Amino acid sequence: MTNRNAVELWAVGVEPAPQGSKRYVGGNRASGGRFIEASKKLEPFRQAIGKAVQEHMAKTGDTTPFTLPVEVEATFILPKPKTVKRAWPSVAPDLDKLQRALGDSISLEKYCGGFPLVQDDALIVTWHSQKIYGTPDEMGVYFKVQEIILPWHLG
């Protein structure tokens with residue numbers, strides 16, 4: 001363990017968007033059709049996460065990525081539709097697809113100004129996450145990344 005400090009960030013002001021659902025555009029395979037992300041909200045969400053990572057690195061001066069296994073805690077704060085009465089957002093977007101968007105956003109140089117927070121999203125070995133409703137001012141994702149201790153059977 002390198003004793004890398006935990007990093008807690010909040011990408012606020014953007015609606016969390018799922019990653020993983022694709023749609024086909026173009027003609028047939030022979031004419032060069034392709035699959036693209038179905039959610040138009042994904043790119044702004046990724047950029048907001050990347051901006052939070054970049055601001056953290058500028059503030060701390062530490063651009064060193066996590067290179068050992070990590071755990072991620074995340075709370076995705078979604079806008080609550082006016083007509084909804086349920087307490088939890090037990091509808092789309094799926095939590096695992098929100099996690100996928102966060103994992104890629106913190107590990108791809110494209111979003112983190114060339115300095116990803118996590119060297120590779122495969123290093124995320126544990127997730128603790130939830131999705132909740134919040135106000136428009138709270139909308140986004142609060143997340144914490146930290147190195148993880150050895151599994152119980154190895155420690």
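Please keep in mind that the model you are looking at is predicted.

Which residues of α2 are buried? They are L98, Q99, A101, L102, G103, D104, S105, I106 and S107. These buried residues pack against α1, β4, β5 (124–134) and β6. As a general point, an α-helix has 3.6 residues a turn, so residues three or four places apart point the same way.

**The chain as a whole**

The chain holds two helices and six strands, and read from the N terminus the order is β-β-β-α-β-α-β-β. Some overall values are gathered here.

| Feature of the chain | Value |
|---|---|
| Residues counted as buried, of 155 residues | 38% |
| Contacts joining residues at least 24 apart, among contacts between residues at least 6 apart in sequence | 81% |
| Accessible surface | about 9200 Å² |
| Part of the accessible surface belonging to carbon and sulfur atoms | 54% |

In soluble globular proteins, nonpolar side chains tend to be buried together. Here, the largest nonpolar core has 29 residues, and those touching the most other members are L102, I106, L117, V141, F143 and V145. Two or more residues come from each of β1 (7–12), α1 (42–60), β4 (70–79), α2 (95–107) and β6 (140–147). Which element gives the most to this core? It is α1, with seven residues.

V145 lets you follow some of these links by eye. Leaving aside neighbours within four places in sequence, V145 is in contact with A6, V7, F66, V70, E71, V72, I106, L117 and V118. Two of these partners, I106 and L117, are also named among the residues that touch the most other core members.

**A closer look at A11**

A11 lies in strand β1. Is this residue buried or exposed? A11 counts as buried because its relative accessibility is 3%, and the cut-off for buried is under 20%.

What does A11 touch, not counting residues up to four places away in sequence? The list is A48, I49, A52, M139, G140 and V141. Another partner, V141, is one of the core residues that touch the most other members.

Terms used
Residues numbered from 1 in each chain as written. Predicted model: local features only at pLDDT ≥ 70, side-chain atom pairs only at ≥ 80, totals over all residues. Heavy atoms only, no water. Helix = DSSP H or I, 4+ residues; strand = E, 2+ residues; numbered from the N terminus. Buried < 20%, exposed > 50% of the residue type's maximum accessible area, 1.4 Å probe, protein only. Contact = heavy atoms within 4.5 Å. Areas by Shrake-Rupley, 256 points an atom, 1.4 Å probe, with all protein chains shown as cover. Core = buried A, V, L, I, M, F, W, Y, C linked by side-chain atoms within 4.5 Å.
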